[in-house]
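Please open the model in your viewer and keep the selection panel at hand. The stops below follow one another, and each begins with something to select.

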Amino acid sequence: MDSEVHDKRGSSAAATNHTSNGHLQSDHQDRLAIPSFEKDAAAAIVSDHAIVLDKAVARRVQRKIDWFLIPIMWFGYGLVYYDKAILGSAVLFGMTGDLQLRVVVDPTTTPPKTSTQRLSWATSMFYFGMLAGLYPLTFLLQRFNMGRVLCGVVVIWGLICMLTATVNSWQGLFAQRFFLGFMESIIPTGFMCIVSGYYTQEEQALRQSWWFSSTGAWTIIGGALNYGFAQITGGSLKRWQYIYLLAGALTIGFGCICFWIPNSAVDAWFLTEEERVVAVERLRKGQTG
């Protein structure tokens, strides 16, 4: 009797172990059968284990990424600075009087006492717009393809800049400055996402400084452009209106370029298949991307 009970228990345990092993094997097979589109995109093009990269090859890929991305970001951030700063140039070319940005507050004095508070508020509205745009536009960058989002937002930014030439009141200028800041707020965040997606932590600080350095260069470029606009003596538009038309046109052109910015190193079309593997391995070594 005891022998039969022992045999039954042993059979039951064996059956349980067999069932458990069967479930483990089934789970393992299910995991192996996960479609590739559900896996991490970077894991799909590199092996499970890190490989040792040839330093010369890694440097060549890094330089190729630099030559593609850095000029684009340098030009784009320069436009952010130029579009924001040309308000001062427009004021010199007659915007203050055309849009009633200067108001006489005491006509009894000689010369009459004036207030430029409207101009100060027009300057501030840009930064209010940036604060309002940071969260929603950053969400779009995280949720959708980066290049496509940048393209759409930058083109709208360029249109807003060009439409400044149609503004005929200080209230309209306030609205223009707010939405200009709203759209431009995507650029610093977008560029930081691009840098973190292509470079290791040790490389990022220098690359960030490269595109940010365009503010100084565009101070010189903007001054040269403004000098050219100062020579305009004819035409149906005011000189400050021509400034905004040019700035907007340059921005729209930059927006079209943004359409071709890859979402990450995994789908960087300007790299060969082997170079994309190297680019992803570089990021795995630095634990970034």
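Rings of Phe, Tyr and Trp (its six-membered ring) are taken as a pair if their centres lie within 6.5 Å, and the planes of a pair count as stacked when under 30 degrees apart, as edge-to-face when over 60 and as tilted for the rest. With that in mind, select F75, Y82, W218 and F254, which together form one aromatic cluster.

Before going on, please note that this is a predicted model, in which local features need pLDDT of at least 70 and side-chain atom pairs count only at pLDDT 80 or more, while totals for chains, interfaces and linings use all residues. Residues are numbered from 1 along each chain as its sequence is written, and side-chain values use heavy atoms, with hydrogens and water left out.

**The whole chain**

Show the cartoon of the whole protein, which has 10 helices and two strands; here helices (H or I, at least four residues) and strands (E, at least two) are DSSP runs, numbered from the N terminus. Along the sequence the pattern reads α-α-β-β-α-α-α-α-α-α-α-α. Now switch to a surface: the accessible surface of the protein comes to about 16500 Å², and 62% of that belongs to carbon and sulfur atoms, the areas being calculated by the Shrake-Rupley method with a 1.4 Å probe, and for residues only the protein chains shown count as cover. Of the 289 residues, 37% count as buried, where buried means under 20% relative accessible area, exposed means over 50% and partly exposed lies in between (1.4 Å probe, protein chains only). Taking a contact to mean heavy atoms within 4.5 Å, among the contacts between residues at least 6 apart in sequence, 78% join residues at least 24 apart.

**Helix α3 and its partners**

Select residues 117-143, which are helix α3, together with residues 146-163, which are helix α4; their axes come within 7 Å and cross at roughly 145°. Such axes are lines fitted to C-alpha atoms, for helices over the stretch in contact, and the angles run from 0 to 180 degrees between N-to-C directions. The crossing of α3 past α4 is right-handed; a crossing is called left-handed if the near helix is turned anticlockwise from the far one by less than a right angle, and right-handed if clockwise. Show the side chains of L137, L140 and L141 on α3 and of M146, V149, L150 and V153 on α4, which make the contact. By class, the residues of this contact of α3 with α4 are seven nonpolar, no polar and no charged, where Ala, Val, Leu, Ile, Met, Phe, Trp, Tyr, Cys and Pro count as nonpolar, Asp, Glu, Lys and Arg as charged, and the others, Gly among them, as polar.

The contact of α3 with α5 has 16 nonpolar, four polar and three charged residues.

**Aromatic pairs**

A search of the whole structure finds 16 aromatic pairs. Select W121 and F128, whose ring centres are 6.3 Å apart and whose planes stand at 45°, so this pair is tilted. W121 is partly exposed at 44% relative accessibility, and F128 is partly exposed at 40%. Then select F259 and W260, whose ring centres are 5.1 Å apart with planes at 85°, so this pair is edge-to-face. Is W260 buried or exposed? With a relative accessible area of 54%, W260 is exposed, whereas F259, at 32%, counts as partly exposed.

**Residues brought together**

Select V61 in helix α2, which is buried at 0% relative accessibility. V61 and R276 are 215 residues apart in sequence, and their C-alpha atoms are 8.4 Å apart in space. Leaving aside residues up to four places away in sequence, V61 touches E275, V278 and A279.

Next select D54 in the loop between α1 (2-32) and α2, where D54 counts as partly exposed at 45% relative accessibility. D54 and V278 are 224 residues apart in sequence and 9.2 Å apart in space, C-alpha to C-alpha.

**A last stop in a loop**

Finally, select Q100 in the loop between α2 (55-98) and β1 (103-106). Q100 has a positive phi of about 55° although it is not a glycine, and at 38% relative accessibility Q100 counts as partly exposed.
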